[in-house]
Structure formats: C-alpha cells, structure tokens
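Me: I'd like to learn how to read a fold like the one coming up. Could you walk me through it, feature by feature?

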Amino acid sequence: MLSSKSAVAVRKTVMGTFDPETRWRDPLLSMLPRIPDPERDRIVLCMDELLFPLCGPNDILYTRCRIDEALLDYFARLGVSFHHRGVVDLTSPEAEEALRSQDFASCIFKLAPQDGIPGCNADKPYALAPYAITEEAQEYAGKVVFANPLPDLAVVKRVNSKLYHHRLLEDTGLHAYGTPAMSAEEVEQYGTELLRKGAFLIKDPFGVSGKGNLLIESPSLLKRIVSHLRKQEEAGSQTLFLLEPLLPKAADFSSQWLLEPDGSRELISVQRMINRQQNYGGSVTTEAAFVNSLEQKGYFRMLEAALRELHLDGYFGYVCFDSMVLEDGELVPIVEVNARMSMGLINAHLDRLLAGWSLKGWLTYLSVALPDGFRFDRLLQALEDEQLLFTPLRPSGIMPLSSGTLTVNGGPGGRSSAKPKGRLYVSVIKQTEETREVALERLKQVLHDLSVTVFH
C-alpha cells in the first residue's frame, strides 16, 4: 500500500470497487435472506467517484463511470484537481449497452485497460492506491512494476472476516461479545440463548453496512432463518455466522489508520458515525475532547495491540476500526475491522481539503428517485440559485461529491419501470450540528423543487 511518508514524492493511481466483501466471500457459505436490488448494486459500483479527495493534482482517479463534466468543473472552482479517466460515459449513446452488459458489474481492475495501465511508465512509476485488494486488483498490479507493494489477497480475505475480528479480540485480551455459529443448529441454539436476554444480530462473515446483518427480535423470526439456513445446508452450503447481542450503544465512531509494511502505524483520524438503523448514514470528524477521552480510556493503546497482530498476520495498508460507546459509558474498542479504505477515511481527506477555510464537513447521502430528463448540472445550478452551493466565496453549504451514484439508473440501460433510484452523496459544511441539519433540509427542498423524490 502507499506509504504516507512517500505520498508527496510518489504520484498515485487511485481506483477501486466498493463492497469488496461480496468478492471476498466464499460462495459455498450459506446466506441470510436478501431481496435482490440491481439499482442499489449499480449505485454502489459508482461509489468509486468518492475517492477523489485522496487524489492530488498529479494523481489519476480511474472510475467505472465518468464523473459528470459539470461536477468536474465545480471541483476545479474549489481548487480540487486530478487526472480523471472513466470506463463508461453515462451521457453517451453507448451507455445503454454498457449498463446492460454483465461486464459492468466486474471489478474496476478488470474493466480498466490491460495495455497502457494509467500512470505507469518505466521512468516514473506511480503508486497503486486501491480502495481494497481484490483478486482482480492483485492481477492488475502484477502487470507492471508499481512503486509500492500490496498485501497478499489471502491475508486480506482472512483479516476482513468477522470471525477473524472475534479471534483478534480474544488474542488481545479484549471483551468478545460475539459467538461463532458453524451450523444452522448452532444458530438456533445460541440464538435461543441470546433471545432470553434481548434482541441479537446475525452477522455474515463478510456483511457490511447492514447488508448481510440481520436483527433477530423474536423466536418466530429465528425459526424462519434457521429453516432457511438448513435448506442451504441440505444443498451443500456451509453455515458460518457471528451472533452478537444488540448492545445499548450511545455513540458509534471509527478510527482510520495506515499500517506500514515495516509494522509502523499512523493514526489518520477519528470519525463519528451517524447510522440509519443498521446502515451507514454519514461521517463527521470528532472533536479533540472526544479523542482525549478515548486516550484516557486506553483506546489507542488497545488498537495499537490489534494493529501489531494484523501485521504479524501479514497485513499492511489502510485499516478502519468500527467502535462504540455504550449507554453506561463502557468502551467497545473493536466492533468490526475493515482492512481497506473506508468512508471515514474519505471524510478525513475531505476535511483536509476544507482545512483551507478552517471548516469541516458532514459526509452523508440522500436516497432519491429521479424524474424523467434529470441532469446533474440542473442540480448544481439550483443549489447556486438558492445560495446553498459551497464555493470559495461562500464557505458553507452543500458540496456534491459524486454524479454517477445519482444518475446511473436514470439512463436507458439502467431505467426501471418506476422512477430510477439514486444516491446523492454530499458534504454538508456548516459550523454546528444544528446548522448542518438546517442545510440538509434546504437541500431536500431544492430536490423537491426539481421533482426529485427523497426517501426517508
């Protein structure tokens, strides 16, 4: 992975496929019930646009869909520049065929050109900065000599499993709340015991942001899930889940680290997470007072021990620890480990961009449905007309962060029978939490005026 110590001297090629957990997951493992959502899947595939804050002027950002020209022009107004390349132009006549192709869902490292890898030449090789290591990323990196090593894929898969996280807690002497269940029978047995004390979560080893996690609140629901798993076992699948009590949390937060190949480590940021039920809802950089309270509770010392274990097991690169504080004040230092880039890391880099104005933002998103003929430039103009668009002359308001996540389902190739769904990722830039909420409500009104439906 790219070392922060060399980040200034070495140019980067930044790219990656979000939701790598789906690609790490063993297909022979049984699955929790899930309703297929092709629109949601296409939106997630376009989240690679959100990696732009990690790019400098000489870096290359390679994305699945080309960022809308209006948004690139807006970034330039903010002084944010990078070299951009995209596989699919959503505004082109060829977009319909590309979106309908099965190849569209392939890992970005498979879609990127096999010849003339961007940013690489014999004289000045770039560093490869992937969102996460996948099989395709490892193959891609092997085609040329990049300026940095990558961790082994087998190690990446192992350390990202929730079962590994459970063992990590035990090895470092921390309280492990979860119970591994390796059959439908054990899910029923352990789940019944947990229900006597309250609701619990069934967690897929590679579930992420609500996907692959299921809240069990009643014996009848547990019975249906056990039956669902038994049918898969009869068909040859193996059951492997982590069962955890639903903890009475007061606050969710995360810390982002860079673990170097030599074992040295750097704390990048601590982010407060805003969750919507079991799903990710946004990130805000925490205040110094909260960080100091974590220091006093030994939080960073405990994570340093976990990072040493990760390094001993062969991993290096970006690490995000999801953590929480319970209602009684108890600190849960490790809820999950994400050995990859993260939304918190993206927000930390966004705040570095905003530091020039002595500001911080709230990285969040709105789920929406678009009207016919929606264009991204109309949204930017509407925000400007309402004096809500963040600009150098208006250092507060809304900074749109991606275009493809909003419009990918709106073209002919992605259109459904109903209004196409999208996600508008933004940074809400205001001084206080109250004024940020006011700005978000104003954004919803702007969208309403553009005939965009906002889902709660």
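Reply: Start with burial: a residue counts as buried when its relative accessible area is under 20%, as exposed over 50%, and as partly exposed in between. Keep in mind that this is a predicted model. In the protein chain, buried residues make up 54% of the 456 residues.

Me: What is the radius of gyration of the protein chain, and what does the globule rule give for 456 residues?

Reply: First, the inventory: the chain has 16 helices and 17 strands. Its radius of gyration is 22 Å, close to the 23 Å from the globule rule, so the chain is as compact as a globular protein of that length. Along the principal axes, the C-alpha atoms fill a box of roughly 55 × 50 × 45 Å.

Me: And how many of the contacts join residues at least 24 apart in sequence?

Reply: Take the contacts between residues at least 6 apart in sequence; 71% of those join residues at least 24 apart.

Me: What about strand β4: which residues lie on each of its faces?

Reply: For a strand, check the two sides separately. In β4 (residues 127–130), Ala127 and Ala129 are on one side, Leu128 and Pro130 are on the other, and all are buried, so both faces are covered. Strand β1 (residues 12–15) runs parallel to β4, joined by four bridges. Within that pair, Val14 stands opposite Ala129.

Me: Now helices. At what angle do α7 and α8 cross?

Reply: Angles from 65 to 115 degrees count as roughly perpendicular. The axes of α7 (residues 153–160) and α8 (residues 162–171) come within 5 Å and cross at roughly 70°, and are therefore roughly perpendicular to each other. Arg158, Val159 and Asn160 make the contact from α7, while Lys162, Tyr164 and His165 make it from α8. Sorted by class, that contact has two nonpolar, two polar and two charged residues.

Me: Last, single residues. Is Asn347 buried or exposed?

Reply: Compare its accessibility with the cut-off. Asn347 has 0% relative accessibility and so counts as buried. This residue lies in helix α13 (residues 343–354). Leaving out residues up to four places away in sequence, Asn347 touches Gln271, Ser283, Val284, Thr285, Gly361, Trp362 and Leu363.

Me: And what is the relative accessible area of Arg85?

Reply: That one is 40%, which makes Arg85 partly exposed. Arg85 sits in strand β3 (residues 83–88).

Key. Residues numbered from 1 in each chain as written. Predicted model: local features only at pLDDT ≥ 70, side-chain atom pairs only at ≥ 80, totals over all residues. Heavy atoms only, no water. Axes fitted to C-alpha atoms, helices over the stretch in contact; angles between N-to-C directions. Parallel < 35°, antiparallel > 145°, perpendicular 65-115°, else oblique. Contact = heavy atoms within 4.5 Å. Nonpolar A, V, L, I, M, F, W, Y, C, P; charged D, E, K, R; others polar. Buried < 20%, exposed > 50% of the residue type's maximum accessible area, 1.4 Å probe, protein only. Rg over C-alpha atoms; globule rule 2.2 N^0.38 Å. Pairing = 2+ DSSP bridges.
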